[in-house]
Amino acid sequence: MLEFLGPMAVDGRLPRWTDWWDEADIAPMFSDPMMRQTVIEEQPTLPLSYYEQHIPVPDGWDDHPCSYLLFGLPYDDLAAEARARGWRVAHLPGAHLHQIVDPAGSARHLVELATTS
């Protein structure tokens with residue numbers, strides 16, 4: 001991802017993530033123009049160094065109950081990895097950012113995942 005992001009950085013800072021992609025890729029994520037504008041306005045501009053960090057991951061970090069809410073492609077592999085770890089996985093059909101399309105459904109699934117043993 002650094003090869004993709006590096007040329008976008010200006011003075012070490014990246015543009016908002018919605019500016020990383022072509023309009024044809026971003027537009028379908030937002031059916032509501034007001035929601036799109038809200039998301040755009042709330043985005044931080046991050047330093048490129050944010051993506052250059054290596055975060056230490058302690059052994060056993062995932063031995064606690066964990067869950068994964070899958071909306072759809074391209075995250076099927078991550079859901080499979082979560083299942084392999086023994087995590088609870090729920091599927092709410094949708095696309096990237098589905099939580100802003102269906103906040104109630106997303107919340108319902110998250111609560112169910114958090115309260116189901």
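The protein exposes about 8400 Å² of surface, and carbon and sulfur atoms supply 58% of it. Accessible areas here come from the Shrake-Rupley method with a 1.4 Å probe, and for residues only the protein chains shown count as cover. A word on the source: this is a predicted model, where local features need pLDDT of at least 70, side-chain atom pairs count only at pLDDT 80 or more, and totals for chains, interfaces and linings use all residues. Residues are numbered from 1 along each chain as its sequence is written, and side-chain values use heavy atoms, with hydrogens and water left out.

Now the overall build. The protein has seven helices and two strands. Both are DSSP runs numbered from the N terminus: helices are H or I with at least four residues, strands are E with at least two. From the N terminus the order is α-α-α-α-β-α-β-α-α. The radius of gyration is 17 Å, well over the 13 Å that the globule rule gives for 117 residues, so the protein is more spread out than a compact globule. That radius is taken over C-alpha atoms, and the rule is 2.2 Å times the number of residues to the power 0.38. Along its principal axes, the C-alpha trace spans about 45 × 40 × 20 Å.

Next, burial. Of the 117 residues, 24% count as buried. Buried means under 20% relative accessible area, exposed means over 50%, and partly exposed is in between (1.4 Å probe, protein chains only).

Look at helix 7, residues 103-115, which holds Ser-106. Is Ser-106 buried or exposed? Ser-106 is buried, at 3% relative accessibility. Leaving out residues up to four places away in sequence, Ser-106 touches Leu-69, Phe-71, Leu-92, His-98 and Gln-99. Contact means heavy atoms within 4.5 Å.

His-109 is in helix 7 too. Beyond its neighbours within four places in sequence, His-109 contacts Leu-69, Ala-90, His-91 and Leu-92. His-109 and Ala-90 are 19 residues apart along the chain, yet their C-alpha atoms are separated by 7.1 Å.

Last stop, the surface. Which residues form a nonpolar patch there? Met-1, Phe-4 and Trp-21 do, with about 310 Å² of accessible area together. Patch residues have over 30% relative accessible area and no salt bridge; like charges are joined within 9 Å, nonpolar side chains (Val, Leu, Ile, Met, Phe, Trp, Tyr) within 5 Å. A salt bridge puts a side-chain nitrogen of Lys or Arg within 4 Å of a carboxyl oxygen of Asp or Glu. Trp-21 sits in the loop between helix 1 (2-5) and helix 2 (23-26). Trp-21 is partly exposed, at 35% relative accessible area.
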